[in-house]
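Let's take a walk through this one, starting with the DNA and moving on to the salt bridges. Keep the viewer open as you read.

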2 protein chains.
Amino acid sequence: MSERSPANFERPLVTVDVAIFRALDGRLQVLLVRRGSGSDEPFPGHWAMPGGFVDVSCDASLEACALRKLREKTGVSTPYLEQLGSWGDARRDPRGWSATHAYFALVPVDELDVPHAEANAADADWHDVEGDGIREPLAFDHARILAAALERLRSKVEYTSLPAFLLPKEFTLSELQKAYELLLGRALEKSAFRTRILSTDLIVPVSRLREGPNRPAQLYRLRSRKTPIYFQRALSRPD
Amino acid sequence: MSERSPANFERPLVTVDVAIFRALDGRLQVLLVRRGSGSDEPFPGHWAMPGGFVDVSCDASLEACALRKLREKTGVSTPYLEQLGSWGDARRDPRGWSATHAYFALVPVDELDVPHAEANAADADWHDVEGDGIREPLAFDHARILAAALERLRSKVEYTSLPAFLLPKEFTLSELQKAYELLLGRALEKSAFRTRILSTDLIVPVSRLREGPNRPAQLYRLRSRKTPIYFQRALSRPD
DNA sequence: CCAATAGTGTCTGTTAGACAATATACA
DNA sequence: TGTATATTGTCTAACAGACACTATTGG
């Protein structure tokens with residue numbers, strides 16, 4: 001029984017999709033693009049996660065493809081980017097058997113390319129995350145993929161430093177705590193949070209303070225803008 | 001700028017590969033198949049992980065494809081199966097731009113289909129895992145994928161019940177501890193291990209004992225043969 | 001009795017959580 | 001001064017790790 005050659009197999013469609021998250025004004029947001037309204041395309045006018053077919057001629061790898069799509073939409077080229085998983089079956093795309101490679105990215109608000117975003121404003125926009133998705137329906141099975149991204153994100157918040165990748169270059173401990181609380185959807189105890197963070201080498205103080213109508217706060221920066229910290233203990237699950 | 005239609009894109013090759021692990025006599029083993037020796041195929045005669053092209057006509061989904069390959073090689077149809085990730089680039093397969101969806105499975109020795117295995121004995125065999133791979137070279141980038149599977153597996157041992165899926169239907173706490181120690185590569189403290197396991201509802205005692213030339217041991221079974229337990233705290237990382 | 005493995009008890013160290021106290025800015 | 005936020009201290013509970021101890025089988 002010899003293996004069939006690739007030519008004998010009908011090749012599935014291959015796409016890459018990226019769930020891109022940011023935190024703005026205490027809200028978690030995901031970047032979506034509106035699909036063209038041509039009737040020859042599936043889900044015309046629907047919102048979808050940035051993505052599309054792998055371009056064999058220009059994408060060196062799946063990750064390069066995901067980074068390209070992220071850069072095209074946000075101008076950010078070195079985000080936190082993690083492979084989320086792949087979804088492939090006969091029905092998810094009406095054009096045929098298709099498999100998508102899903103990634104998710106966390107981008108700091110201050111690195112977003114504003115002119116770039118405005119140029120794309122017509123067909124791309126940030127949507128508030130509510131629960132395990134957004135209000136409007138999404139194209140394809142993107143609601144399922146977005147839900148999986150949120151589940152992964154929220155799960156990893158319990159034992160990693162992922163929320164830090166949503167923050168600008170310099171931030172205070174309180175701002176980091178607020179990022180955690182945003183993703184967790186619950187409040188954390190200040191003292192325990194600070195000792196937890198400071199007992200690692202996640203952040204290093206910079207010689208500046210955040211001024212305000214109150215006691216100034218120490219500013220910190222991340223030691224690494226790419227690699228998260230893994231904590232030995234997870235935050236306690238509330239009953 | 002309208003999206004190009006799928007017909008305008010050269011479609012990558014799409015494959016699924018499965019790293020199938022078992023524990024035998026204190027050794028962790030991975031199932032490999034030998035590739036055909038025809039010169040029209042890449043890596044003739046090399047060992048590779050079970051896998052191959054997605055068959056659009058018979059595979060309903062990627063996971064169904066992985067389960068099919070697992071069942072064909074082992075006879076096991078309900079293993080612990082987890083998606084590991086995907087690897088895709090222009091160079092990993094000499095036949096062209098290809099993307100593989102990698103899974104890993106943990107199978108109990110007592111569920112392996114022995115006649116089935118013997119029928120395939122010529123082209124499939126279990127290989128001892130040594131370090132982050134096996135002794136012999138592997139086809140394609142399977143060494144990299146196997147290393148990733150082992151890294152994921154060993155990482156999750158620290159905070160999940162994954163080793164339990166390597167055990168037969170009924171087992172003792174000592175056998176479970178040995179499975180942990182096999183994957184961790186280090187000894188665990190008995191008392192702490194037992195408290196950790198018994199404080200969850202991972203296992204339930206059955207009304208039988210394992211007899212031997214010593215004090216009999218309580219036998220247990222898993223509460224769920226599919227879903228792992230996640231512990232709140234990881235085992236401590238040795239310095 | 002001994003050997004071997006199963007199972008328990010006791011102490012220590014770490015750290016999350018709760019809560020209180022103190023510190024430092026501006027108005 | 002008051003208000004707001006930053007930062008620290010104290011106590012408790014949970015649990016992993018180390019280690020010692022007891023229990024139960026066969027020989």
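This is a predicted model: local features need pLDDT of at least 70, side-chain atom pairs count only at pLDDT 80 or more; totals for chains, interfaces and linings use all residues.

## The surface near DNA strand D

In total, 21 residues surround DNA strand D, and the closest are Lys190(A), Ser191(A), Arg194(A), Asn214(A) and Ser236(B). Of the atoms of DNA strand D that come within 4 Å of the protein, sugar and phosphate make up 63%.

Asn214(A) puts a side-chain N or O atom 3.0 Å from a sugar or linking oxygen of DNA strand D. Arg196(B) goes for the phosphate instead: a side-chain N or O atom is 3.3 Å from a phosphate oxygen of DNA strand D. As for the elements that give two or more residues to this surface, they are helix 5 (190-198) and strand 10 (217-222) of chain A, plus helix 5 (190-198) of chain B.

## Salt bridges within chain A

Now for the charged pairs. Over all chains, the whole structure has 33 salt bridges. One of them joins Arg210(A) to Glu175(A), with the closest N and O atoms 2.3 Å apart. Arg210(A) belongs to strand 9 (residues 203-210) and Glu175(A) to helix 4 (residues 173-184) of chain A, so this pair ties together parts that are 35 residues apart in sequence. Arg210(A) is partly exposed at 35% relative accessibility, and Glu175(A) is partly exposed at 24%.

## Salt bridges within chain B

In chain B, Glu175(B) and Arg210(B) form a salt bridge, at 2.2 Å from N to O. Here Glu175(B) lies in helix 4 (residues 173-184) and Arg210(B) in strand 8 (residues 203-210) of chain B, 35 residues apart. Relative accessibility is 25% for Glu175(B), which counts as partly exposed; Arg210(B) is partly exposed too, at 34%.

Another chain B pair is Glu111(B) with Arg225(B), whose closest N and O atoms are 3.0 Å apart. This one links distant parts of the chain, 114 residues apart: Glu111(B) is in the loop between strand 6 (98-106) and helix 2 (114-119), while Arg225(B) is in the segment after strand 9 (217-222) of chain B. Glu111(B) is partly exposed, with a relative accessible area of 23%, and Arg225(B) is partly exposed at 28%.

Notes. Residues are numbered from 1 along each chain as its sequence is written. Chains are lettered from A and ligands numbered from 1 in the order in which they are written. Side-chain values use heavy atoms; hydrogens and water are left out. A residue is near a molecule or strand if one of its heavy atoms lies within 4 Å of it. A polar contact is a pair of N or O atoms within 3.5 Å; within protein, one must be able to donate a hydrogen and the other to accept it, and residues adjacent in sequence count only if both atoms are side-chain atoms. Helices (H or I, at least four residues) and strands (E, at least two) are DSSP runs, numbered from the N terminus. A salt bridge is a side-chain nitrogen of Lys or Arg within 4 Å of a carboxyl oxygen of Asp or Glu. Buried means under 20% relative accessible area, exposed over 50%, partly exposed in between (1.4 Å probe, protein chains only).
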